[in-house]
Amino acid sequence: MTPDWFERGFPHIWLPYTQMKTTPAPLAAARTQGSRITLADGRELVDGIGSWWTAVHGYNHPHIVEAIQKQAHIMPHVMLGGLLHEQAATLAARLAALLPGDLTRVFFSDSGSVAVEVAMKMATQYWLNRAIRGRTKFLAFKGGYHGDTIATMAVCDPEEGMHSLFTGLLPEHHVIDLPRDERSIATFDAFLEKHADELAGVLVEPLVQGAGGMIFHDEQTLRRLRAAADKYDLLLIFDEIFTGFGRTGTMFACEAAEVVPDIITLGKGLTGGTLPLAATVASRKIFDAFWSDDPSHALMHGPTYMGNALACAAANASLDLFENEPRLRQAADIGEFLGKKLGQCLGLPHVVDVRSRGAIGVVELDSIADLHALKRRFVEAGVWVRPFRNIVYLTPALTIGEGDLEKLTDTVVKILR
Ligand SMILES: *Cc1c(COP(=O)(O)O)cnc(C)c1O
């Protein structure tokens with residue numbers, strides 16, 4: 001039985017990344033709890049995705065729900081222009097304390113794409129404020145994903161970012177291979193020799209390129225980027241919107257490499273999957289370039305719902321959970337389990353790679369002929385797994401129970417077999 005609200009509303013909904021004419025209808029979701037999504041028809045799905053990697057503590061965590069409810073009575077929102085409130089101030093101080101090095105100045109926004117745009121704006125204006133002209137391009141990497149807005153599409157992988165579709169609209173940046181082997185390191189070095197002085201910054205998702213295909217690289221690659229940024233006086237921006245908050249095994253991926261970027265972007269898991277909030281955190285050096293008696297040196301950006309008090313309260317509650325519960329150990333346990341269980345897919349026809357890192361498990365196939373059919377089979381088997389392109393992956397809540405986790409991995413293995 002399809003609910004009334006679905007019949008009434010679906011004809012007016014435009015879904016993300018969807019050909020509306022040919023897409024199967026979405027499923028009607030009624031409720032969430034822990035690692036489960038309950039559909040309107042009563043079926044329960046074990047969630048392997050955490051709602052685009054946001055629900056790190058599982059759905060409806062009582063500590064976060066309570067914080068939101070409490071804040072709703074005090075002050076759901078107040079503009080951050082000219083006013084500051086306790087939740088935003090507390091969250092900024094906590095993020096500054098958690099992040100490595102002197103990443104200490106927090107600019108809030110409401111989505112990851114905007115956080116990346118703000119980082120790009122900070123980096124560009126950093127040079128202008130220092131009276132250095134011509135540094136307006138970014139260097140980004142193939143396989144990368146940084147958002148769907150126009151400026152961020154331009155620094156995504158050119159194919160995935162659909163650059164050809166939007167030719168003429170997108171500003172042109174440089175997207176090359178990550179310097180991870182001899183050949184790509186040589187290309188990277190040659191590129192910087194030639195172009196470093198037109199670059200405002202270098203933008204990368206550290207350790208795992210998520211939406212671009214769950215592609216892993218190592219700590220050494222990040223150290224190489226830091227060294228190059230230092231050598232050529234470039235700003236290094238880490239987009240940790242996917243990798244932050246325990247997903248890759250440490251609180252932030254940059255910690256594993258012991259590399260401190262000049263700017264870091266956070267989102268997704270920041271509020272534990274409850275409310276939209278993102279942050280761009282700048283190092284001392286960046287902030288200092290804006291610190292001036294000249295009003296034109298100010299950062300000219302300000303989303304309406306910037307620092308929303310409900311969202312900041314949720315994020316503070318999420319950080320409490322990271323402090324008081326063993327999330328990073330849970331991420332490590334999940335990673336080990338995923339590696340072992342998904343490893344059974346190695347050797348199956350069409351499987352070309354199985355990999356895991358932190359609470360991310362990936363089975364890469366040579367291709368997936370019918371994505372819709374595969375997704376439907378997962379639902380029929382009682383799990384919410386969303387393969388894309390040639391990838392079947394699991395990024396469950398860090399709190400998922402072993403039974404549910406096993407159901408996810410067993411189902412992936414069974415269906416791929
Ligand atoms: C999801 C994501 C973004 C965009 O975040 P939105 O909140 O969807 O705008 C940017 N960068 C990375 C690495 C992401 O995973």
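Predicted model: local features only at pLDDT ≥ 70, side-chain atom pairs only at ≥ 80, totals over all residues.
Residues are numbered from 1 along each chain as its sequence is written, and side-chain values use heavy atoms, with hydrogens and water left out.

Helices here are DSSP runs (H or I, at least four residues), numbered from the N terminus. Helix α7, residues 182–195, and helix α8, residues 219–232, have axes that come within 11 Å and cross at roughly 20°, where axes are lines fitted to C-alpha atoms over the stretch in contact and angles run from 0 to 180 degrees between N-to-C directions. That angle makes α7 roughly parallel to α8, a term for angles under 35 degrees. The crossing of these two helices is right-handed, that is, the near helix is turned clockwise from the far one by less than a right angle. In contact (heavy atoms within 4.5 Å) are Ile 185, Phe 188, Asp 189, Leu 192 and Glu 193 of α7 with Arg 224, Leu 225, Ala 228, Lys 231 and Tyr 232 of α8. By class, the residues of this contact divide into 6 nonpolar, no polar and 4 charged, where Ala, Val, Leu, Ile, Met, Phe, Trp, Tyr, Cys and Pro count as nonpolar, Asp, Glu, Lys and Arg as charged, and the others, Gly among them, as polar.

Helix α14, residues 402–416, packs with helix α12, residues 327–342, at an angle of about 30°, their axes being 10 Å apart. α12 is therefore roughly parallel to α14, and their crossing is right-handed. Among the residues that make the contact are Phe 337 and Leu 338 of α12 and Leu 405 and Val 412 of α14; by class, the contact has 7 nonpolar, 1 polar and 4 charged residues.

Helix α13, residues 371–380, also packs with α14, at an angle of about 135° and with the axes 11 Å apart.

The residues around the ligand (a heavy atom within 4 Å) include Trp 53, Tyr 145, His 146, Glu 205, Phe 242 and Lys 268. Among the polar contacts (pairs of N or O atoms within 3.5 Å), a backbone N or O atom of Gly 112 lies 2.8 Å from an oxygen atom of the ligand, and a polar side-chain atom of Ser 113 lies 2.6 Å from an oxygen atom of the ligand. A nitrogen atom of the ligand is 2.7 Å from an N or O atom in the side chain of Asp 239.

Notes. Parallel < 35°, antiparallel > 145°, perpendicular 65-115°, else oblique. Polar contact = N/O pair within 3.5 Å; in protein donor to acceptor, adjacent residues only side chain to side chain.
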